[in-house]
Amino acid sequence: MAELVIKNSHLVLPEGVVDAGLVIGAGKIKDIVKDSALPEADTVVDAGGKYILPGMIDVHVHMREPGAVSKEGWVTGSKAAVAGGVTTLFDMPNTQPPTTSIEELARKRENVKGKSLVDYGFHFAATPDNQEELKKLFGGIASVKFYTCSTVGSLLIDNDAVIFEDFRILGEKQLISTVHAENQVMIDYWMNALKESGEDVSPLTYAKARGNICASESLNSLIYLSKSAGNKLHVAHISTLEEVNLVRKFKDPQLTAEVSPHHLFLSLDDVGRLGSYSRVNPPLRSEVDNGALWEGLFDGTIDMIASDHAPHLRESKEGDVFTASAGFPELETTLPLLLNETHKSRLTLELIAKITAENPARVFRVKNKGRIEKGFDADLVIVDLDREKVVREEELFTKCGWSPYAGRTLKGWPVKTFVGGNLVFDEGIIYEEKKGREVNYY
Ligand code: NCD
Ligand code: ZN
Ligand code: ZN
């Protein structure tokens, strides 16, 4: 007898949507068969004719642990993940202390045990002086992150010679270098000019001053360094038309990119409404940039969507735009925002599966994940495309308790999330008994 079967569903497979059922055992998909051929099972879940997607693999999440568990942490963050249909996430290294040594990575690994409801991996970080630590890395991480600007939890690395040497070291190890590309010298120059102007700076003036050129100039330089060093470069939160054009021009298997939901679904037009809450790095951009990012997703220039879930409490988002913390909570709304687009014919479910699961697994070489396929992990999300619901801050699981999308009506929501065959989210209820594991890389 099988452990679990799911019947009466439309499965979103890479080759298209099929009406079939799933046989699940030992955390894996054992078979995909017509409902009439499903075996007896201990548990039978009736999907009620809904669609099943592979669980989202979110490669860009700030879990804030250690150092800022007042903002999030693995317990609340992974609840937010399963509520949003995310079954695997990669944690960013700008924690306190940051993940810049083998020792700190080991501490992070130990700390997460027994806390996360989802499977996970870790990004490491490069600093101006941790080359010896990079030399000790041998797999087991998602990537090494380079921050060319001092964003939250400053890990600024702005010496191109060091970046080039690091890229060479990581290239030889076939490890990915992920970049937050924004030129700090340019940012400082225009921010100082704003401050010295003595004017009362609005959030919109602020966002525009940290302009497209700060990001595209930095990315241009990083792509040049990477092509010269021969390493794999992954561009985090690509946000401008100019960056899309750059990546399209130099696109090959060694150059990949992700876009964040806020650069697709929010723009400078939202800054007035959001006030100092609109602050995010890179900043919100124009509708022309939004359009270029969508085009980049459609033609494969951009490989995936990653949430950049960067929770901050209300108290640190309020007040002066220069001092407000940068970042948005995103784990619970990314998939609903995408599903909502299927009703406007902008996205198909097949493309959603590709940019949320299949491509992240391929780029980051995650074993046995990213597709609904025999032998793969049973990481699944049942979605109700007809469910229309307003984003309400009081219903969110993230500890920060607010959302830049609050009040938006979205049609298409996750209703059940399975991690390794275990039902962990069911219609708003979270089951916490089963915990996630660290992923394997091939
Ligand atoms: C991130 C954070 O809060 O950690 N903030 C952000 O605005 N995206 C840091 C980052 O990704 O740059
Ligand atoms: Zn960043
Ligand atoms: Zn980030």
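**View 1. The β2-β3 hairpin turns through two residues.** In this predicted model, strands β2 and β3 form a hairpin with two residues between them. Ala-26 sits in the turn and has a positive phi of about 50°. Strand β2 covers residues 16-25 and pairs with β3 in the antiparallel sense over five bridges. Gly-25 stands opposite Lys-28 in β3. Two strands pair here if DSSP finds at least two bridges between them. Helices (H or I, at least four residues) and strands (E, at least two) are DSSP runs, numbered from the N terminus.

**View 2. Eight strands make an open sheet.** The strand order is β3-β2-β1-β4-β13-β14-β15-β16, with mixed pairing. Strands β3 (28-33) and β16 (429-430) stand at the edges. Each has a single partner strand, so one side of each is left without a neighbour in the sheet. Within the sheet, β13 (residues 380-390) and β14 (residues 409-419) pair in the antiparallel sense over eight bridges. Ile-382 has Lys-416 in β14 as its bridge partner. Helix α13 (residues 334-342) packs on the sheet and touches β4 (41-54), β13 and β14. Contact means heavy atoms within 4.5 Å. The direction of α13 makes about 125° with that of β14. Axes are lines fitted to C-alpha atoms, for helices over the stretch in contact, and angles run from 0 to 180 degrees between N-to-C directions.

View 3. Leu-170 belongs to helix α4 (residues 160-172). Its relative accessible area is 0%, so Leu-170 counts as buried. Buried means under 20% relative accessible area, exposed over 50%, and partly exposed in between (1.4 Å probe, protein chains only). Leaving out residues up to four places away in sequence, Leu-170 touches Leu-134, Val-144, Phe-146, Leu-175 and Ser-177. Leu-170 and Val-144 are 26 residues apart in sequence, and 8.3 Å apart in space from C-alpha to C-alpha.

**View 4. Three residues form a nonpolar surface patch.** The members are Tyr-189, Trp-190 and Ile-213. Together they have about 330 Å² of accessible area, by the Shrake-Rupley method with a 1.4 Å probe; for residues, only the protein chains shown count as cover. Patches are made of residues with over 30% relative accessible area and no salt bridge; like charges are joined within 9 Å, nonpolar side chains (Val, Leu, Ile, Met, Phe, Trp, Tyr) within 5 Å. A salt bridge is a side-chain nitrogen of Lys or Arg within 4 Å of a carboxyl oxygen of Asp or Glu. Ile-213 lies in helix α7 (residues 212-229). Its relative accessibility is 44%, so Ile-213 counts as partly exposed.

View 5. One joins Gln-96 and Pro-97, with omega about 0°. Pro-97 is in the loop between β6 (86-91) and α2 (102-112). Another runs from Asn-281 to Pro-282, with omega near -10°. Pro-282 is in the loop between α10 (271-274) and α11 (287-298).

**View 6. Arg-64 and Asn-368 have positive phi****.** Most residues other than glycine have a negative phi, and most peptide bonds are trans. Phi of Arg-64 is near 70°. Arg-64 is in the loop between β5 (56-61) and α1 (74-83), and is buried at 6% relative accessibility. Asn-368 has a phi of about 60°. Asn-368 lies in the loop between α14 (349-363) and β13, and is partly exposed at 33%.

**Notes.** Residues are numbered from 1 along each chain as its sequence is written, and chains are lettered from A and ligands numbered from 1 in the order in which they are written. Local features need pLDDT of at least 70, side-chain atom pairs count only at pLDDT 80 or more, and totals for chains, interfaces and linings use all residues, while side-chain values use heavy atoms, with hydrogens and water left out.
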